[in-house]
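Subject: Structure handover

Hi,

Here is the structure I promised to pass on to you. Please open it alongside this message.

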Amino acid sequence: MDLKRISFFLLFITFFMATAQVETQGRQINIVYGANFTKDEAQFPGASIFQKDDERQVQFEHQGADLWCDIAIFYTKENRLKAIGNIRLQQGDSIEMNSGKMDYDGNTKLAKAWEKVYLTNGQMSLTTDTLYFDREKQESYYNSGGKVVDSANVLTSKVGTYFMTPKKYQFQRNVHIDNPEYTIDSEQLDYYTTSKNAYMYGPSTIIGEEYKIYCERGFYDTKIEQGYGIKNTRIDYDNKIIKGDSLYFDKLTEFASATNNIKITDTINNGVIKAHYAEVFKAKDSVFATKRAVSISLVEQDSLYMHGDTLMVTGKEDSRILRAFRNAKFYKTDLSGKCDSIHFSEKTGITQLITDPILWNVDNQITGDSIHLISDMETEKLDSLKVIENAFIISLDTISNEGYNQAKGKNLLGKFIENELKIIDLIQNTEVIYYVYNDDNELVGIDKTICSKIRLLMANNDIEDITFFVNPDGDIFPETELPVDSRKLKGFVWRGEERIMSKDEIFDEDDNNIELVTIRGIDNPIDIDAEENERQNNENDPVNTPNTKAVQPKKTQVKKAQSP
């Protein structure tokens, strides 16, 4: 090897050693104040032992952090130390940690503290039995139980990690938040100490003075008691149980909303509303529902299904009003109908079918300008029926299956007995066409009569007897003597193909083909840190000052909820 190569080799070695020395010195723990110095090779081989004196504690410094303690066992070569007694670790102007004992590795910048550990950043404090502090990642964590206290909440959990840069805690196992106004229990919860926002994962329950929320993923602003839940979410609120894929709640405005696969149960009246979007206003004691909305209530041990493009329930207990707007329909085993809108008053027991109403009582088609169904307020059973203006009742002749029994008048009054329409009175300008049979079901003739009033007595939902009042004019005509075109009263329109035969038929094609909105986070988790940053930026934006609309979580199309 020539002289030039040797010189270059020595120069390379010298540079490498110098660089390594600089890096080592950069990682080296420095002694600031050593006080009393001893050694104990038997118990602590290779270690230098420092103890406090009467003036001050032992002090070390390492890459922006200072450590004070009563006794320090310092392994210089290994660049690590054991601290004992009244330990205080200070990082910058914010982070301070106190404990009874601590191990610190200068190479990995990892500290393990135990015995009455206390960590604070000025705005919050953490206490635990044992805490691991990774200064390289700026994270600290515990797995033996811990408690965090800030200006708003007291938080406890079995396992917890504190991320110092976003000032976020990630709590796991037996997570509990205690606030004077509410409590939160969860299996996993992320909590941002600056905004006081909580993001929940796994089974989680929030209990306030007037509400209870359950979800398996969700968000909650603990300062103002506002948030949302997704995945198996339920809110018990204002004597109502609200379930849905996504639920939003705001205590200040006394408002809750739900999206997709919603079920709202009235715990007082045992009524149910199902829909794919709904809003609940506590102050007004009201519910608004749309998107395949249906109200389900119990009438005489039979379920009554009521549908409209929009449903509204308003009013206090015993004074509630149910409205179904646009394309309104209802179904019960023996009673169904449709019209433009339905209005039901719990106080009066009157159900009004408004604009082009039609009612089917089993096989009887009833129409008029307006139809009212009246319930008995004591028994809560159907009591009577009122058809106002242009009353018309039609039923197919079930023996011949060709002709139609018909009766019409200005108004109609009906009486229900034990859930069956038994008596029908047609009043003013009444007319009837009725197929008369003998006991052998042989056609006797067709009765065609006009008079001032007609009473129909019903049996098994068919006409059993007819009584004419005040100057009846008519006769029973043999079938051959009454032309086919004379067998229908003026205004006759048979709408049998429109009859609602099941609870599913109250929905039309548009209802059944509704595309549910996409709720973020149900199928794919999103970046919570990014979401929190966006949320805080929105709060700081003067355009988005907090109100019922601006601070609502985001979701496709409908801004009511979102997910972590």
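Below is what came out of the analysis.

Please keep in mind that this is a predicted model. The average pLDDT of the protein chain is 85, and 90% of the residues reach at least 70. Two stretches need some care. Residues 1-25 stay under 50 in pLDDT, and the model gives them 1 contact beyond four places in sequence. Residues 542-564 also have a pLDDT below 50, but there the model shows 71 contacts beyond near neighbours in sequence. Where pLDDT is low, the predicted coordinates should not be read in detail.

On the overall fold, the protein chain has 3 helices and 38 strands. Of its 564 residues, 48% are buried. Among contacts with a separation of 6 or more, 41% join residues 24 or more positions apart. The accessible surface is about 28000 Å², with 49% of that belonging to carbon and sulfur atoms.

How many of 30 Å³ or more turn up in the whole structure? The search finds 3, and the largest cavity holds about 80 Å³ of space. Strands S4 (58-62), S5 (65-69) and S7 (80-91) are the elements that each give two or more residues to its lining. The lining residues include Phe60, Glu61 and His62, along with Ala65, Asp66 and Leu67. Leu81, Leu89, Ile29, Tyr104 and Arg135 line this cavity too. By class, the lining comes to 7 nonpolar, 1 polar and 3 charged residues.

Best wishes

Key: Residues numbered from 1 in each chain as written. Predicted model: local features only at pLDDT ≥ 70, side-chain atom pairs only at ≥ 80, totals over all residues. Heavy atoms only, no water. Helix = DSSP H or I, 4+ residues; strand = E, 2+ residues; numbered from the N terminus. Buried < 20%, exposed > 50% of the residue type's maximum accessible area, 1.4 Å probe, protein only. Contact = heavy atoms within 4.5 Å. Areas by Shrake-Rupley, 256 points an atom, 1.4 Å probe, with all protein chains shown as cover. 1 Å grid on protein atoms, 1.4 Å probe; cavity = no way out; pocket = protein on both sides within 12 Å on 5 of 7 lines; lining within 4 Å. Points joined across faces, edges and corners; volume = space filled by probe spheres on them. Nonpolar A, V, L, I, M, F, W, Y, C, P; charged D, E, K, R; others polar. pLDDT = per-residue confidence, 0-100.
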